[in-house]
Amino acid sequence: MEKLGTTSEAILQALDRGESLPSVWYTDAAITQRETERIFRNSWQYVGSLNQLAAVGDFVTAEVGGVPVVVVRTADRVSGLINVCRHRRHEVMKGCGNAKVLQCPYHAWTYDLNGILKAAPRADREPNFCVDDYPLLKLKVNTLGPWVFANLDENSQPLSQYFGAVLDVIAGSGIDLNSMELWSREQWQSDSNWKTMLENFLECYHCQVAHPGFSAAVDVDQDNYQLTTHGYWFSQIGNVRSSAVAGLSKVEIYDVKGEIKQAQYHLLWPNFTININPGFPNISIDVWRPDGPNRTTGVSEQYFGPGVDKKWAEEVVRFNKAVGEEDDKLTNSVQRGLLAGMPAVGRSLINSEHLMIEFQKLVVKAICD
């Protein structure tokens with residue numbers, strides 16, 4: 001593909017030298033389309049929480065690489081289906097909820113919870129029409145802790161093989177994932193490429209400059225803030241600052257005192273991030289999806305342990321949003337620089353931004369021939 005510039009081997013060697021991906025990789029629609037086909041349609045994508053699928057008939061809808069999907073709790077399992085009617089390819093279900101059957105609102109073709117077509121109005125007058133021939137297409141579904149993921153690639157390895165070990169790391173912070181309760185869920189958008197945003201997530205080199213509140217709460221000094229690669233997932237771990245616990249922070253932050261002393265921030269390839277802040281048990285997730293080359297849309301969910309003080313929870317949510325807004329200003333500015341195309345290639349710091357570089361390598365390996 002001409003837009004990719006050179007061979008994957010040459011690009012990987014350049015990344016090892018600290019050169020960045022060329023600007024065009026972040027601004028060209030053809031590359032975004034290639035990423036959709038080769039990354040997002042061939043990886044595990046978050047669709048919802050197990051709490052949303054507790055009872056038979058509970059369902060959630062989502063998109064996986066631009067493909068509408070629906071995940072349903074049946075009598076014996078959680079199953080995934082392509083959410084596209086076999087008739088005129090209208091989306092069958094919308095949003096989330098509980099249903100006894102899956103019925104397309106266009107012409108009322110009706111499927112059971114396993115996706116088997118049960119009724120198609122007027123089909124009895126059609127020659128050679130058999131409802132058994134037109135089930136909803138299936139897709140793979142796996143769970144990771146309290147979260148449900150789907151994958152269009154029927155040959156993909158189990159989710160646990162990629163990310164199972166992250167559950168042990170999370171438990172090491174003191175978080176009991178099984179006890180966490182969903183507090184809020186909201187959608188967001190940003191005017192930058194999905195990679196621009198996740199590369200920013202993967203380094204804290206900018207934290208002391210751009211995140212005064214975050215840096216006052218978490219020790220982000222280079223020698224104390226751990227950056228670790230685990231193949232298809234990446235971890236950043238830092239401890240709460242003693243000055244913050246003592247109430248001696250020079251900037252206003254939330255009350256960080258609590259049983260969680262260790263902050264953790266993980267990226268699960270390609271676009272699912274997990275955040276744990278010091279204090280009362282808390283965890284948040286974000287899902288980042290490309291919407292063309294110069295725009296990203298996503299979903300954020302915030303969880304807290306049982307018995308959380310409402311005021312404290314609201315302070316943490318505000319804290320997270322403030323950090324997110326600071327990041328948006330940074331990444332939107334980067335995207336404008338990338339659109340300018342000058343310079344065509346940037347210079348990364350291998351010792352401070354190696355998680356970002358390893359992420360870029362996964363992108364290169366996924367989309368280059």
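## The cysteine pair

Cys207 has a relative accessibility of 4%, so Cys207 counts as buried (under 20% relative accessible area with a 1.4 Å probe and protein chains only; exposed is over 50%, and partly exposed is in between). Cys204 is buried too, at 10%. A disulfide (a pair of cysteine sulfur atoms within 2.5 Å) links Cys204 and Cys207, with 1.9 Å from S to S. The torsion about their S-S bond is about -105°, so this disulfide is left-handed. By this rule, the count is one disulfide.

## About the model

This is a predicted model, in which local features need pLDDT of at least 70, side-chain atom pairs count only at pLDDT 80 or more, and totals for chains, interfaces and linings use all residues. Residues are numbered from 1 along each chain as its sequence is written, and side-chain values use heavy atoms, leaving out hydrogens and water.

Cys130 is partly exposed, at 31% relative accessible area.

## A buried glutamate

Glu199 is buried but has no salt bridge (a side-chain nitrogen of Lys or Arg within 4 Å of a carboxyl oxygen of Asp or Glu). The nearest side chain of opposite charge (Lys and Arg count as positive, Asp and Glu as negative, while His and the chain ends are not counted) is Lys195, 6.5 Å away.

Leaving out residues up to four places away in sequence, Glu199 touches Tyr26, Met356, Phe359 and Gln360 (contact means heavy atoms within 4.5 Å).
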